[in-house]
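Please read them with the structure open.

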Amino acid sequence: MKVFIGVKLPSAVKKQLVDFQKEVIRASIKGSFTDPNNFHLTMRFIGEVDPDQRSAIETGLARCAESQLPFLVETNGLGYFSKRNKWIVWLGTKENSRLQQLYEQLNDSLLGQKVAMADEVAFIPHFTLGRGIVLWQEWEELSKVPLPPDQKITVAALTLFESVRLDGKLVYRPIADFPFAGQAAATDRIDSREETEKS
């Protein structure tokens, strides 16, 4: 099985990502656009694993989650990775020391379990909107299009996902969730802070 570690997104955030995605689709000649059900925040790609490796991954995830408390991440405009003449277009996040720290602690925890991982690349947190995209519109113009407001997302758990094809369709299927320690109390504090900011 092919697996990766990420953060699930609530339905409201997925709906907002669709609004961003529509602008990219409008500006594209072609591309493979992410199914909204597959929207997530990738923390670490692992690759092909056997049952013993999966057990080690889950142990590492559990140990990492034990030391975490929930925190907020904010979206922050469009970006892309280029590959030949085609692009991967994504919605990025604002700089967040807690997210970077989580990434580093996750790596340490997995290495402590001797988990073999895919080659590490620079950690650029993002939500993939589409792959293999060819634009008809200049990127500078697309990046100026008015987009929905930045979205605040609560990161309160890590999820182990399996990447599978069902009836020819790519599906990112959650296998197991690992909630952060103190999740309920910390999430209540985040919710209270958001209400205070709105008032």
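**Notes on the predicted model**

1. Start with one bridge. Lys2 has Ser163, in S8, as its bridge partner. The model is predicted, and residues are numbered from 1 along the chain.

2. Strand S1 covers residues 2–7 and strand S8 covers residues 157–166. The two run antiparallel and share 5 bridges.

3. Now the whole sheet. In what order do the 4 strands lie? The order is S3-S1-S8-S9, in an open sheet with antiparallel pairing. Strand S3 (41–48) and strand S9 (169–179) are the edges, and each pairs on one side only. On average, neighbouring strands of this sheet are turned by 25° against each other, direction ignored.

4. Two helices pack on this sheet. Helix H2, residues 51–66, touches S1, S3, S8 and S9. The direction of H2 makes about 50° with that of S9. Helix H3, residues 97–112, touches S1, S3 and S8. For H3, the angle is about 20°, taken against the direction of S3.

5. Next, the nonpolar core. Which residues have the most contacts inside the largest one? They are Ile5, Met43, Ile46, Ile57 and Leu158. This core has 48 residues. In soluble globular proteins, nonpolar side chains tend to be buried together.

6. Take Ile57 from that list. Neighbours within four places in sequence are set aside here. Ile57 is then in contact with Val3, Ile5, Ile46, Val49, Leu110, Val115 and Leu160. Two of these partners, Ile5 and Ile46, are also among the residues with the most contacts inside the core.

7. Ser28 deserves a separate look. Ser28 sits in strand S2, residues 28–33. Is Ser28 buried or exposed? Ser28 counts as buried because its relative accessibility is 12%, and the cut-off for buried is under 20%. The side chain of Ser28 reaches the backbone oxygen of Val24 at 2.5 Å. Beyond four places in sequence, Ser28 is in contact with Phe33, Ile133, Val134, Leu135 and Trp136.

8. Finally, the chain as a whole. There are 5 helices and 9 strands. Along the sequence the pattern reads β-α-β-β-α-β-β-α-β-α-β-β-β-α. Of the 199 residues, 44% count as buried. The accessible surface comes to about 11000 Å², and carbon and sulfur atoms account for 49% of that. Consider contacts between residues at least 6 apart in sequence: 78% of them join residues at least 24 apart.

Terms used: This is a predicted model: local features need pLDDT of at least 70, side-chain atom pairs count only at pLDDT 80 or more; totals for chains, interfaces and linings use all residues. Side-chain values use heavy atoms; hydrogens and water are left out. A nonpolar core is a set of buried Ala, Val, Leu, Ile, Met, Phe, Trp, Tyr and Cys residues joined through side-chain atoms within 4.5 Å. Buried means under 20% relative accessible area, exposed over 50%, partly exposed in between (1.4 Å probe, protein chains only). Contact means heavy atoms within 4.5 Å. Accessible areas come from the Shrake-Rupley method with a 1.4 Å probe; for residues, only the protein chains shown count as cover. A polar contact is a pair of N or O atoms within 3.5 Å; within protein, one must be able to donate a hydrogen and the other to accept it, and residues adjacent in sequence count only if both atoms are side-chain atoms. Two strands pair if DSSP finds at least two bridges between them. Axes are lines fitted to C-alpha atoms, for helices over the stretch in contact, and angles run from 0 to 180 degrees between N-to-C directions.
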